[in-house]
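Let's take a walk through this model, starting at a ligand and ending in a stretch of sheet. Keep the 3D view open as you read.

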Amino acid sequence: MPKKVALITGVTGQDGAYLSEFLLKKGYEVHGIKRRASLFNTDRIDHLYQDPHEENRNFVLHYGDLTDSTNLTRIIQQVQPDEIYNLAAMSHVHVSFEMAEYTADTDGIGALRILEAVRLLGLTKKTKVYQASTSELYGKVQEIPQTEKTPFYPRSPYAVAKLYAYWATVNYREAYGIFACNGILFNHESPVRGETFVTRKITRATARIALGLQDKVYLGNLDAQRDWGHAKDYVRMMWMVLQTDIPEDWVIATGKTTSIRDFVKKCFAHIGVQLEFEGRGVNEKGIIKKCNNQQYQIKIGKEVVAVDERYYRPTEVDLLVGDATKAKEKLGWEPKYQLVDLVNDMMQSDLKLMQKEQYLKEGGYTINNYFE
Ligand code: NDP
Ligand code: GDR
């Protein structure tokens, strides 16, 4: 059997890295599109890198951008992929309010550019397309839990752009017979989650506070509730939806929801600290009440979490909880990670990372000493 060929946009991101690993293990030849940046931006996939001088490479990177249709068309023509995973996006909901037009171009029209390239290159029968759709499409709560049939009500420029991409995927499937599927994925996290998403911001800060590298962390809306899974479970599902006989759209979620406040408590509990919240809204504070661990630099009564309005969004998505019954019944998908496993995985990783920072600091090294 010839190797299957996959093309991943957003290969340098959280999901791109886990999906690359997953597909390489399955024996795929994996091509990824990365952006040119002034610094190296391949941290998450450096362990998979193969030197261009090696023969028979099965992991190949191409420079590209979702805003450049000639570039995308050329890469797709060259690679002739069996499967395209369109994961590239300006994926930060809060930032999308600052960069609405760019977000629409990348996250909305970008998906169209991929679908159109498949059509123009005559690959409608060969190339399957996975579109990274999102629970943000549900936005303002219409129904709990959210399923493939729940109406959409996007609440950010990001979600509005993703709504366009969602319907472009459905339309190209119906109009041209492309095997194109939306995975409507609920939040999924991991040790390589971007540092400004709330879970990673919290696990990093908890580890830094434990090691005396930081005093407190400022967060926004602590009442928001999210259905958090592990990215490893979710990339497996991306692949599964392209292996079916009929292209469809799928909700992927754990079915359990947790507030930001409770996520913070769970992270502190991981290091043996009981954190309690006092006050409401912008006056809310997280205070250390008890500690069963001598290993860390923890002071009872210390305020380690505070609210800063700058992290509030102009319009918020209050409550997400998904119902993945269709994926479970039709594809046999089950998440292997529970929230407690996710917290452990992220906390252990950030504690290790911050210990490195602590050693460097104690050894007199700063992280960046170019300009000293
Ligand atoms: P990340 O933010 O970690 O990764 C996004 C990737 O897209 C990065 O590789 C980034 O490159 C790349 N990218 C951004 N803009 C462009 C552009 N204009 N052209 C080409 N590449 C670009 O996101 P995740 O891995 O978490 O998410 C993957 C996809 O799934 C995204 O589309 C996201 O919107 C969607 N999604 C994510 C969920 C989650 O909870 N993680 C849930 C539901 C959907 P660079 O590294 O250079 O910045
Ligand atoms: P989200 O993730 O917007 O759900 O989008 P994020 O982690 O950014 O926010 C989750 C919730 O936490 C609240 N919050 C904060 N968020 C951030 N980033 N920083 C804070 O300090 C903070 N304090 C409170 C937010 O208001 C929000 O309610 C993610 C992205 O991966 C999208 O690309 C993806 O589509 C969705 O998940 C599903």
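**Around ligand 2**

Start with ligand 2, which has 22 residues around it, the closest being V93, T134, V198, G220 and A224. If you look for the elements that each put two or more residues into this shell, you'll find α3 (93–96) and α6 (198–210). Bear in mind that you're looking at a predicted model.

What kinds of residues make up the shell around ligand 2, by class? There are nine nonpolar, eight polar and five charged ones. The shell also takes at least three residues from each of two domains: domain 1 (5–185) and domain 2, which is pieced together from 198–225, 259–319 and 339–363.

Now zoom out a bit. An unreviewed UniProt entry carries the annotation "domain: NAD(P)-binding" for residues 7–346.

Next, go to the strands. β13 (residues 273–278) runs antiparallel to β14 (residues 285–291), and six bridges link the pair. Six residues sit between the strands of this hairpin, and G279 has a positive phi near 85°. Which residue of β14 is the bridge partner of F277? That's G286.

Stay with β14, which also pairs in the antiparallel sense with β15 (residues 303–307), this time over three bridges. Here G286 turns up again, standing opposite V305 in β15.

Notes. Residues are numbered from 1 along each chain as its sequence is written. Chains are lettered from A and ligands numbered from 1 in the order in which they are written. This is a predicted model: local features need pLDDT of at least 70, side-chain atom pairs count only at pLDDT 80 or more; totals for chains, interfaces and linings use all residues. A residue is near a molecule or strand if its C-beta atom, placed from the backbone, lies within 6 Å of it. Helices (H or I, at least four residues) and strands (E, at least two) are DSSP runs, numbered from the N terminus. Ala, Val, Leu, Ile, Met, Phe, Trp, Tyr, Cys and Pro count as nonpolar, Asp, Glu, Lys and Arg as charged, and the others, Gly among them, as polar. Domain bounds come from an automatic or database domain assignment. UniProt positions are given in the numbering used here, feature names are shortened, and annotations may be inferred rather than shown by experiment. Two strands pair if DSSP finds at least two bridges between them.
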